[in-house]
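Trainee: I would like to go through this model with you, a few residues at a time. Shall we begin?

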Amino acid sequence: STRKESSAASDVYKRQCVYWAMIASTVFGILGVPCEAVLNAHENMLYFAVIGVLESFLKLGAALLVVHVLADKLILYGVLMAGISILAMTAMLVYCRRNYAECVIAPRRYWKRGVFREMGSFAGWNFTVSASSMLSEYGVGIVLNHFFGVALNAAQAVAQQINGQTMAFSGTMLKALNPVISKSEGAGNRGLMLRASLSGCKFAYLLMAVFAIPLILEAPGLLGLWLHSVPAWAVLFCRLQLARTLLEQLFLSLGAAIYAEGNIRLYTLVKTGSGILFLGATWGFYRMGWPPCMMYVAAILFVTLPGGLLALSICVRRLGLSLRDFSFQVLAPCLVPSAATFAAGILLCRIDASLSPVPVLFRTCSLLVVFLLFLWFFSLDGRERGTLVFFLKSAWRKIQFSK
């Protein structure tokens with residue numbers, strides 16, 4: 001009995017340590033938001049990249065250290081992750097204080113009641129979207145666990161992990177593009193803002209699709225190579241999650257354009273309501289005995305499509321976006337390479353549907369080549385091809401010079 005009580009007390013202590021470490025990490029992350037905003041406003045992507053690379057290496061080092069130490073691994077990992085977040089925030093804070101004059105604590109100098117009221121309203125509406133998104137994303141995991149057990153949570157985690165990795169390139173690109181959208185609207189250059197938004201939608205989709213579409217088509221084989229023992233429903237969850245995110249990429253920068261314009265009340269209200277509706281619809285589907293995959297179907301029907309179509313509607317009615325421009329500059333360049341790659345994938349599977357490593361890797365590489373060929377000849381215009389060639393040549397010269 002004494003041993004059990006001691007073990008329970010130890011578990012509670014570990015959980016409390018990790019809990020407080022995560023709280024510290026969250027607090028310092030929130031404090032670092034103004035610094036990130038300043039770096040974004042000045043389009044200082046180099047410093048963002050340096051901090052991101054260093055943070056990734058530190059997290060890798062922390063993971064390796066935890067494996068080889070004899071101390072309590074859970075507590076050590078939590079403290080190290082919190083320390084890395086605090087270090088990254090401190091580095092950004094010090095850099096901003098030294099390089100940007102506006103990064104000072106001077107309430108009297110910058111206090112403007114009208115500006116603060118406007119900022120507070122904007123932040124409040126934005127908070128409702130963030131809160132509903134957090135509620136729906138985490139709540140749906142609880143609903144899934146309630147109806148189907150923890151095994152399905154493992155499949156969901158696999159899908160989310162793959163989805164997060166495939167979004168890395170598009171997320172980085174949008175981090176560099178969003179300041180251009182905001183600054184163009186602020187300068188009164190709405191034409192440039194809309195062109196940047198359409199380019200963001202197109203390239204966000206293409207940068208994700210180049211990895212996501214081969215993964216969707218070859219999910220059984222690739223997950224088998226990665227996990228060996230693939231959780232039940234993981235393949236379908238992965239396919240549906242990637243399909244949902246690809247649809248979101250088609251409208252992603254339109255949301256940035258609406259935020260740049262500033263009148264976000266309607267947009268945030270619908271996004272908030274759709275998030276809550278998605279959670280309720282998922283619970284209802286499971287209550288009626290429908291399969292676990294309905295979680296992703298509900299997300300597409302009640303979150304992705306309404307949010308994307310609403311953003312497109314607002315941009316057309318209020319910002320002057322042309323549906324013709326959206327169709328020819330976003331939809332056609334994105335959907336044609338995708339359709340061609342899916343057709344090639346179906347053809348390759350009919351020729352050889354083996355899940356052995358060599359056929360799987362051959363089909364995946366073939367699909368990647370097909371997508372890139374259609375992207376080059378159909379999705380990119382002459383100016384974009386020239387820019388890409390110039391970038392590749394510059395990168396090659398730097399590599400040769402470093403040798």
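Mentor: Please do, and keep in mind that this is a predicted model.

Trainee: Where is the place of P291?

Mentor: P291 sits in the loop between α13 (265-287) and α14 (294-318).

Trainee: And which residues does P291 touch, not counting those up to four places away in sequence?

Mentor: With those set aside, P291 touches F148, W233 and Y286. F148 is 143 residues apart from P291 along the chain, and their C-alpha atoms are separated by 9.5 Å.

Trainee: Changing topic, is S132 buried or exposed?

Mentor: S132 has a relative accessible area of 6%, and because the limit for buried is under 20%, S132 is classed as buried. This serine lies in helix α6 (residues 113-148).

Trainee: What does the side chain of S132 reach?

Mentor: It reaches the backbone oxygen of V129, at 3.0 Å. Not counting residues up to four places away in sequence, S132 also touches K271 and T272.

Trainee: Which residues is L246 in contact with, leaving aside its neighbours within four places in sequence?

Mentor: With those neighbours left aside, L246 is in contact with Y205, M208, A209, A212, I213 and I216.

Technical notes:
Residues numbered from 1 in each chain as written. Predicted model: local features only at pLDDT ≥ 70, side-chain atom pairs only at ≥ 80, totals over all residues. Heavy atoms only, no water. Helix = DSSP H or I, 4+ residues; strand = E, 2+ residues; numbered from the N terminus. Buried < 20%, exposed > 50% of the residue type's maximum accessible area, 1.4 Å probe, protein only. Polar contact = N/O pair within 3.5 Å; in protein donor to acceptor, adjacent residues only side chain to side chain. Contact = heavy atoms within 4.5 Å.
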